[in-house]
Amino acid sequence: MNNKKINIKKHLSVFFLTSLIFASGFFLSDFLSKKQLTKLNILQQSLRIDILSLETQFSILTQAPCENLNESTLTKELYDISQKLTSVENNLGRDNPYFLQLKKYYSILELKHWLLIKRASKNCKLNLSFIIYFYADKKNCPNCQSQGLILSYFRKKYPFLRIYSFDWNLELSALQTLKSVYNLKEQFPILIVNDKVLYGFKNKENLEKILEKYTNLQLLEEATSTKATSTETTSSENKIK
Amino acid sequence: MHYSEILIYVGIFFSLYLANFIFLTFLENKERVFESKKIKNFPLVSLIIPCYNEAKNIERVLRSLLNLDYPKNKLEIIVVDDGSKDETFAKAAKIAKESKIIKVFQKKNGGKYTALNYGLKRAQGRFIGSIDADCYVEKTALKKALGYFKDPKTMVVTSTIKIAKPNTVLEGVQYVEFLIAAFLRKIFSFLDSVTVTPGPLSIFRKEVFETLGPYKKGHQAEDLEMAFRLQNANFKIAHAVEAIVYTFGEPKLKGLFLQRLRWRRGFLLNLGDYPQLLDFRKHGNLSFLFFCNIFGAFLSISLVSYALFKLLASFLEKTQQFLVAGFNFSFPNLSWFSLNTKPTFILGILSLTVFLIYLMLGKILTCDKSKLKGKTISYLVIYAFLNASWWVSAFASILFKKELKWK
């Protein structure tokens, strides 16, 4: 009968031990997340340097440095960061202040990349086309997730496409400027295909037609068929995979 | 924090608490794990085998009992055929001709507990054991179990049940489940809180039946009812982890479902018959473990429901992705960044580690030499879902007062 008796001291020890293990789990989680953030920050800094370096080259040389331009590497770097950012978002949650900070920084990198590559495409005749995609949360844009998937599909199908996705609700002055330049309205999803603004969900067929109309699709397909360039950007819940 | 996250944290904290409690109990009693003392005097032992349509199995169990490392003149094997419709009686009678210690009886079908009681009335031994007909025992099982009766307070000794020849995935899952159960039952015995005297092999002092009476129907779980009655009378139940008996796992989902539904339903209904066992002041650790069991059942149902909901949502999302963008599979990017650093994930990994430690302890304590990798993976993938479904069905069958048909 004695062994049946509850041992309060034992239960207190168990409670203390369990709380300790439980707390260790949280500390470990926090430690690993911060490590991830630091590493991501370093990667972003590195891309920033690459972009700045290229921008500087453009400024120094009267002619665009087409022979030195490694556009696909820069694009790949940007895409890699977006993938990592998505993982960090999954771990920390989309409202985490550290994550939001990195997301803002990433959006600036996207904008800089877009401006630079757009210029390079023109000067070096890269025959690239650009899509800017504004998404919002599920409540305001139920179709954004599907739109993101379709854009992912197109990014893989057409290597000449450069797609940049931005969170409409991200508080960033550079994005506000972009919105006012194109005079954008809150009708999601928003696509800007080579400077042409389009509102609402576009399925595969629609988007194919739009690309044909605004990007000279066939010509670009031929031009890029032998070129092994890759990928573009992503972000947040409506990520372009 | 989202409700689902709170639920997961509660589940993990509860599991870790229980795991630490069990582990601490193990450390406190590690010298007592193999408590069996060598017996010098061999008392008369009666082993009762209740059977119903066990023609396929009866020879195997009888041969294993005849092969026991125990003086034959101190052994009495009582086969009670509970009105079988097959050759059970004839087969048992045929083997009985080879050995005088086997006595075979036949009676009208009345259920397992009636067959056990029929055997009890005819048992001569100071110790009486019940053995399921679809089992077979290890040669040393009886000696090892009887060694626990050196403690005069011990009234019943239960044994370790292992799944014989696990071939299918489902049998593999049961194999792992039983190994862990062997370890846990040993721990519960240190707390005087064993809650079942399993049919495959349990040995009783005769006084148990003289004091507490014969077996009862116990909502078709007479082994649970008997254990609850013993606990209610504060009779000590020991667990002989080293006394091994083999049983055959349910090879099919339906059979397993019906068996576990009967066990869980029996647990709940018998607990309803002995509500005093939930009184912490009288039954301390036993009450605590009962509460853990019931809380664990609700937690298991909630967490599995949530997991199923998430799986369904993920499936629908993938379907939508497929419809919208076609097949667009890309390999996950495995890097430092793909590491899930959520507390739920890290604590989940910790809980998994605890489970694996228990499994290893179960394996060591029962001297198990089988390969467990495949079985463990199957267990981890499907057991939680099976367990939750058994509990849901058990609660539902009680709520809707559905009687189970059993043989």
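This is a predicted model: local features need pLDDT of at least 70, side-chain atom pairs count only at pLDDT 80 or more; totals for chains, interfaces and linings use all residues.
I started with helix H3 of chain B and listed its buried residues: Thr88(B), Ala92(B), Ile95(B) and Ala96(B). Buried here means under 20% relative accessible area, exposed over 50%, partly exposed in between, with a 1.4 Å probe and protein chains only. Looking down the axis of H3(B), I see these buried residues fall within an arc of 105°, so they line one face of the helix. The arc is taken over the directions from the helix axis to the C-beta atoms.

Residues are numbered from 1 along each chain as its sequence is written, chains are lettered from A and ligands numbered from 1 in the order written, and side-chain values use heavy atoms, without hydrogens and water.

I checked confidence next. Chain B averages a pLDDT of 91, with 96% of the residues at 70 or above; pLDDT is the predictor's confidence in each residue, from 0 to 100. The model scores ipTM 0.85 and pTM 0.81.

What covers the buried side of H3(B)? I found S1, helix H2 (58-66), S2 and S3 of chain B among the cover. Helices (H or I, at least four residues) and strands (E, at least two) are DSSP runs, numbered from the N terminus.

Then I traced the sheet. It is open, has 8 strands with mixed pairing, and runs S3-S2-S1-S4-S7-S6-S8-S5 in chain B. Two strands pair if DSSP finds at least two bridges between them. S3 (102-106) and S5 (135-137) of chain B are the edge strands with a single partner each, so one side of each has no neighbour in the sheet. The twist averages 30° from one strand to the next; axes are lines fitted to C-alpha atoms, for helices over the stretch in contact, and angles run from 0 to 180 degrees between N-to-C directions.

I looked at one pair: S4 (127-130) and S7 (202-205) of chain B run antiparallel, joined by 4 bridges. Ile128(B) has Phe204(B) as its bridge partner in S7(B).

H3(B) (88-96) packs on the sheet, touching S1, S2 and S3 of chain B, at about 155° to S3(B). Contact means heavy atoms within 4.5 Å. H8 (222-232) of chain B lies across S6, S7 and S8 of chain B, at about 160° to S8(B).

Last, I looked up Leu40(A), which sits in helix H1 (8-60) of chain A. Leu40(A) is buried, at 0% relative accessible area. Beyond neighbours within four places in sequence, the contacts of Leu40(A) include Ile81(A), Leu85(A) and Phe337(B).
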